[in-house]
Amino acid sequence: MSGPHVIRGSVSLPEAELMWRFSRSSGPGGQHVNTSDSQVELRFDLARTEALPEVWKQRALERLAGRLVGGVLTVRASEHRSQWRNRETAAVRLAALLAEATAPPPKPRRATRVPHGINERRLREKKQRAETKRGRSARDWG
């Protein structure tokens with residue numbers, strides 16, 4: 001691998017906690033494709049990890065609940081013919097998924113009132129537009 005995959009800040013995925021599995025990719029290919037295990041399955045035990053701060057871990061467990069099987073997060077990659085590139089893709093995908101899941105929730109929006117002048121201008125423009133359209137009616141011509 002090309003070094004640790006950073007989730008956010010100084011927190012990164014520990015190589016010791018990543019479980020790799022390789023199998024044959026489906027789909028078209030050449031002579032060699034049926035004999036090489038190029039599909040990569042990367043598993044990360046989110047429920048038991050010590051690498052993430054407790055707050056991040058709880059946040060990720062809640063947000064990824066639908067993707068977890070027994071607290072384990074699984075990512076597959078089989079886009080590339082090379083197992084090495086599929087490993088890179090899977091690790092980057094896992095890091096991105098964890099970064100998104102552990103991100104703090106957005107700040108709540110503060111309700112503000114619409115300024116009086118803006119509302120007045122909107123109503124004035126609306127009235128002017130109605131006047132223009134009324135002037136187009138055919139009943140005055142004749």
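Colleague: Which residues line the largest cavity?

Modeller: Arg-21, Phe-22, Ser-23, Gln-39, Val-40 and Glu-41 line the largest cavity. Bear in mind that this is a predicted model.

Colleague: What makes these lining residues?

Modeller: A lining residue has an atom within 4 Å of a cavity point, and Arg-21, Phe-22, Ser-23, Gln-39, Val-40 and Glu-41 make up that lining. Strand 3 and strand 4 are the elements that give two or more residues to it.

Colleague: What is the volume of the largest cavity, and how many cavities of 30 Å³ or more are there?

Modeller: The volume is about 30 Å³, and the structure holds one cavity of 30 Å³ or more.

Colleague: How many residues of each class are in that lining?

Modeller: Two are nonpolar, two are polar and two are charged. Phe and Val count as nonpolar, while Glu and Arg count as charged.

Colleague: How do you know that strand 3 and strand 4 pair?

Modeller: Pairing needs at least two bridges, and six bridges join strand 3 to strand 4 (residues 39-45), so the two count as paired. They run antiparallel. As an example at residue level, Phe-22 has Val-40 as its bridge partner in strand 4.

Colleague: What is the strand order in the sheet, and why is one side of strand 3 and of strand 5 left without a neighbour?

Modeller: The open sheet has three strands in the order 3-4-5, with antiparallel pairing. Strand 3 (18-23) and strand 5 (72-77) stand at the edges and have a single partner strand each, so one side of each has no neighbour in the sheet. From one strand to the next, the twist averages 20°.

Colleague: And what lies across those strands?

Modeller: Helix 2 (residues 83-102) lies across strand 3, strand 4 and strand 5, and runs at about 140° to strand 5.

Colleague: Why is the meeting of Glu-41 and Arg-76 called a salt bridge?

Modeller: The cut-off is 4 Å between a side-chain nitrogen of Lys or Arg and a carboxyl oxygen of Asp or Glu. Glu-41 and Arg-76 meet at 3.2 Å, N to O, so the pair qualifies. This pair links distant parts of the chain, with Glu-41 in strand 4 and Arg-76 in strand 5, 35 residues apart. The whole structure has five salt bridges.

Colleague: Where does Glu-79 lie, and which residues does it touch?

Modeller: Glu-79 lies in the loop between strand 5 and helix 2. Leaving aside residues up to four places away in sequence, Glu-79 touches Asn-86, Thr-89 and Arg-93.

Key: Residues are numbered from 1 along each chain as its sequence is written. This is a predicted model: local features need pLDDT of at least 70, side-chain atom pairs count only at pLDDT 80 or more; totals for chains, interfaces and linings use all residues. Side-chain values use heavy atoms; hydrogens and water are left out. Helices (H or I, at least four residues) and strands (E, at least two) are DSSP runs, numbered from the N terminus. Axes are lines fitted to C-alpha atoms, for helices over the stretch in contact, and angles run from 0 to 180 degrees between N-to-C directions. Contact means heavy atoms within 4.5 Å. On a 1 Å grid over the protein atoms alone, a cavity is a set of points where a 1.4 Å probe fits but cannot get out, and a pocket is an open set with protein on both sides within 12 Å along at least five of seven lines; lining residues have an atom within 4 Å of a point. Grid points are joined across faces, edges and corners, and a volume is the space filled by probe spheres set on the points.
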